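Hello,

Here is the structure I promised to pass on to you.

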Amino acid sequence: MEKTQDIFDPKPKKFIVWLFVVSSTIMFGGFTSYYLVFAASKGKGHGLVLPDAFIYSTLLIIASSVTLTLASRALRKLNFSLQRKMLWLTIILAFGFGFMQFVAWGSMVKTGATMVGNNAAISFIYVVPLMHLFHIIAGLGFITSSLVGSYKNITLAKNKFRMEITSIFWHFIDILWIYLYVFLLLNR
């Protein structure tokens, strides 16, 4: 009986990540298209001054992309200790982002802008960031996988692969949030 070697082929898994990125882009494109059609038919946007917490969350998610990039660079230099530190910092920043989203929603509720009301454009400001937050949770799964892989005795190829798909997904959700935030700012 011949032994089969464990052959690591990252292409199918990377394809799935890219497929998810494309489908998420289409979904959020549909959300923003719906918003534009709705706002045009009503002749108005959401009419809110967005809470400052959205600015802070934007800064946090940008910082998390920087720390993830530093983690990837550390891995390329085989500095696993720095890679782990940067991954932990990325996780902390991601939780900070999520926290600031809830602070922003709480601020909006205090001003009377509730999710269920007579203005569907305001509901958009709750629903779309919430869907983005689900993507953040998925991204945290990728980051955790990379972090666990950096502690385990896995091959360098698998470690690099985990960092690569984590980076693809995380930078995508970073860019997605910036797009959504700018979209909300421009469509008041």
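Let me begin with the surface: H5 supplies the largest share of the nonpolar patch, four residues. Helices here are DSSP runs (H or I, at least four residues), strands are E runs of at least two, and both are numbered from the N terminus. The patch as a whole consists of Ile62, Val66, Leu70, Ile178, Val182, Leu185 and Leu186, with about 550 Å² of accessible area together. H2 and H5 are the elements that give two or more residues to the nonpolar patch. For patches, I took residues with over 30% relative accessible area and no salt bridge, joining like charges within 9 Å and nonpolar side chains (Val, Leu, Ile, Met, Phe, Trp, Tyr) within 5 Å. Accessible areas come from the Shrake-Rupley method with a 1.4 Å probe, and for residues only the protein chains shown count as cover. Leu70, one of the patch residues, sits in helix H2 and is partly exposed at 36% relative accessibility. Buried stands for under 20% relative accessible area, exposed for over 50%, and partly exposed for what lies in between (1.4 Å probe, protein chains only).

A word on the basis of all this: the model is predicted, local features need pLDDT of at least 70, side-chain atom pairs count only at pLDDT 80 or more, and totals for chains, interfaces and linings use all residues. Residues are numbered from 1 along each chain as its sequence is written, and side-chain values use heavy atoms, with hydrogens and water left out.

Now the overall picture. The protein chain has five helices and zero strands, and its elements run α-α-α-α-α from the N terminus on. Of its 188 residues, 42% are buried.

The largest nonpolar core has 48 residues, and Phe54, Leu87, Met108, Ile125, Ile136, Trp170 and Trp177 are those with the most contacts inside it. Helix H1 (11–42), H2, helix H3 (80–110), helix H4 (120–151) and helix H5 (156–186) each give two or more residues to this core, and H5 gives the most, with 14 residues. A nonpolar core means a set of buried Ala, Val, Leu, Ile, Met, Phe, Trp, Tyr and Cys residues joined through side-chain atoms within 4.5 Å. Ile136 belongs to helix H4 and is buried, with a relative accessible area of 2%. Its C-alpha atom is 9.0 Å from that of Asp174, 38 residues apart along the chain.

On charges, the structure holds one salt bridge (a side-chain nitrogen of Lys or Arg within 4 Å of a carboxyl oxygen of Asp or Glu). Lys14 forms it with Glu164, and the closest N and O atoms are 2.7 Å apart. Lys14 lies in helix H1 and Glu164 in helix H5, so the pair ties together parts that are 150 residues apart in sequence. Lys14 is partly exposed at 23% relative accessible area, and Glu164 is partly exposed at 36%.

One more spot to look at is Leu78, in the loop between H2 and H3. Leu78 has a positive phi of about 60° although it is not a glycine. Most residues other than glycine have a negative phi. At 48% relative accessibility, Leu78 counts as partly exposed.

Best wishes
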